[in-house]
Amino acid sequence: MMKWLLVLSALVAFAECFHKMPLIKGKTAREALQEKGIWEEFRKEHPYNPMAKFYQSGTESMTNDADLSYYGVISIGTPPQSFSVIFDTGSSNLWIPSVYCSSQACQNHRKFNPQQSSTFKWGSQPLSIQYGTGSMTGYLAIDTVEVGGISVVNQVFGISKTEAAFMGSMVADGILGLAFQSIASDNVVPVFDMMVKGGLVSQPLFSVYLSSNSAQGSEVVFGGIDSSHYTGQINWIPLSSDTYWQIKMDSVTINGQTVACAGGCQAIIDTGTSLIVGPSSDISNMNSWVGASTNQYGEATVNCQNIQSMPEVTFTLNGNAFTIPASAYVSKSSYGCSTGFGQSGQQLWILGDVFIRQYYAIFDSSTPKIGLAKSI
């Protein structure tokens, strides 16, 4: 009987360390701007720059991605103040708007009030975040952050004083970075690292499931793997760099032909980028192979009637083939259809939400590696 009680208590203890963070699939900035009839004008002023947050300059990073749609609710302070954030494996800092922010972008978002938290402390230095369409400036702060039922005490995070206009169009209030401390602005210890250091998760990994169409079911699980979200085996891929969740990609093929990443390239698995992004010449080649034509905003448009006959695109990682069908890489809107392949002026590839929707992603920080399995 004693043995069974021990097993039972071990199971209960383990279950408590399996923390699910539901993600809401909300309206994107693009959809909000299209509804107001100002998308084209906005895109001219703020061209898509997916690499903006990856320029290392000692400042905190951000995105100007108008197609991000997944966010979760966290709380900060005592008593808790709630904020919606993008869980971003392509950056490493947590930041939110504050009551000290007078920018237009802060007016339509929830703002943190340090004076209402009994556990709040000021950090040691100011903060600035660079991104594609401007920057965010603010202060470092320290408080209790609650994520998916886990309370992290003395978490250092950023609170904004100014924010670029682009943030006003985003649904989320802020960003919670899940990459490594090595790229964190001001060398702040990231939220997940704090969870691991504090023994708050049973395993030093988190996993991400992004639902395809319905708004339901997307989640980040801290400290565990939810086997109900994938089928078949998990393919483990060692990291090539402990900065972003970066791996080596062998090739990109269509109908057995190499169309991009010939001879290998580097790629990062990034929940905070909506598209699959690569060097301009490679992406142009992929888009022409699938029959897309590029419009004045650099978006690759296709005839919505052609989706059934468009080819699959295969990304080979660590010798394993990960295939994305046209139904997954083409997005439909009331304005027509476009591919989820975006151009950048850099060699680094980003496998964003278009890829992660197809493959359940496990981010293991112990012997740094990524696990990918077919989503269901």
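Student: Before we look at any residues, over what relative accessible area does a residue count as exposed, and under what value is it buried?

Tutor: A residue is exposed when its relative accessible area is over 50%, buried when that area is under 20%, and partly exposed in between. Please keep in mind that we are looking at a predicted model.

Student: OK, salt bridges then. How many does the structure hold?

Tutor: There are seven salt bridges in the structure. One of them joins Glu 35 to Lys 27, and the closest N and O atoms of these two residues are 3.0 Å apart.

Student: Is Glu 35 buried or exposed?

Tutor: Glu 35 has a relative accessible area of 58%, so with the limit for exposed set at over 50% it counts as exposed.

Student: What about Lys 248 and Asp 250, how do their side chains meet?

Tutor: They meet in a salt bridge as well, with 3.7 Å from N to O. Lys 248 is partly exposed at 42% relative accessible area, and Asp 250 is also in the partly exposed class, with a value of 25%.

Student: And which residue does Asp 364 meet in a salt bridge?

Tutor: Asp 364 pairs with Lys 369, and the N to O distance there is 2.9 Å. Asp 364 has a relative accessibility of 7%, so it counts as buried, whereas Lys 369, at 21%, is partly exposed. Elsewhere, salt bridges that share partners connect Arg 30, Asp 67 and Glu 299 in one network.

Student: Switching to rings: how many aromatic pairs does the structure hold?

Tutor: The structure holds 21 aromatic pairs. In one of them, the rings of Phe 112 and Phe 157 have centres 5.7 Å apart and planes at 80°, and since planes over 60 degrees apart count as edge-to-face, that is the class of this pair.

Student: Where do Phe 112 and Phe 157 lie?

Tutor: Phe 112 is in the loop between H4 and strand S7 (121–131), while Phe 157 belongs to strand S9 (residues 150–162), so the pair ties together parts of the chain that are 45 residues apart in sequence. Both of these residues are buried.

Student: Then how are the rings of Tyr 230 and Tyr 360 arranged, stacked or edge-to-face?

Tutor: That pair is stacked, because the planes of Tyr 230 and Tyr 360 are at 25°, under the 30 degrees limit, with ring centres 5.5 Å apart. Tyr 230 sits in strand S13 (residues 230–238) and Tyr 360 in strand S27 (residues 359–364), so that the pair links distant parts of the chain, 130 residues apart. At 16% relative accessibility Tyr 230 counts as buried, and Tyr 360 is buried too, at 1%.

Student: Where does Ser 103 lie, then?

Tutor: Ser 103 is located in the loop between strand S6 (94–97) and helix H4 (104–107). With a relative accessible area of 13%, Ser 103 is buried, and, leaving aside its neighbours within four places in sequence, it is in contact with Lys 161, Thr 162 and Glu 163.

Student: Last one: which strand holds Gln 343, and what is it in contact with?

Tutor: Gln 343 is placed in strand S25 (residues 341–344), and it counts as partly exposed at 30% relative accessibility. Setting aside neighbours within four places in sequence, Gln 343 is in contact with Pro 50, Val 277, Gly 278, Ser 280, Ile 283 and Ser 284. The C-alpha atoms of Gln 343 and Ser 98, which are 245 residues apart along the chain, are separated by 34 Å.

Terms used: Residues numbered from 1 in each chain as written. Predicted model: local features only at pLDDT ≥ 70, side-chain atom pairs only at ≥ 80, totals over all residues. Heavy atoms only, no water. Salt bridge = Lys/Arg side-chain N within 4 Å of Asp/Glu carboxyl O. Buried < 20%, exposed > 50% of the residue type's maximum accessible area, 1.4 Å probe, protein only. Helix = DSSP H or I, 4+ residues; strand = E, 2+ residues; numbered from the N terminus. Contact = heavy atoms within 4.5 Å. Phe/Tyr/Trp six-rings, centres within 6.5 Å; stacked < 30°, edge-to-face > 60°.
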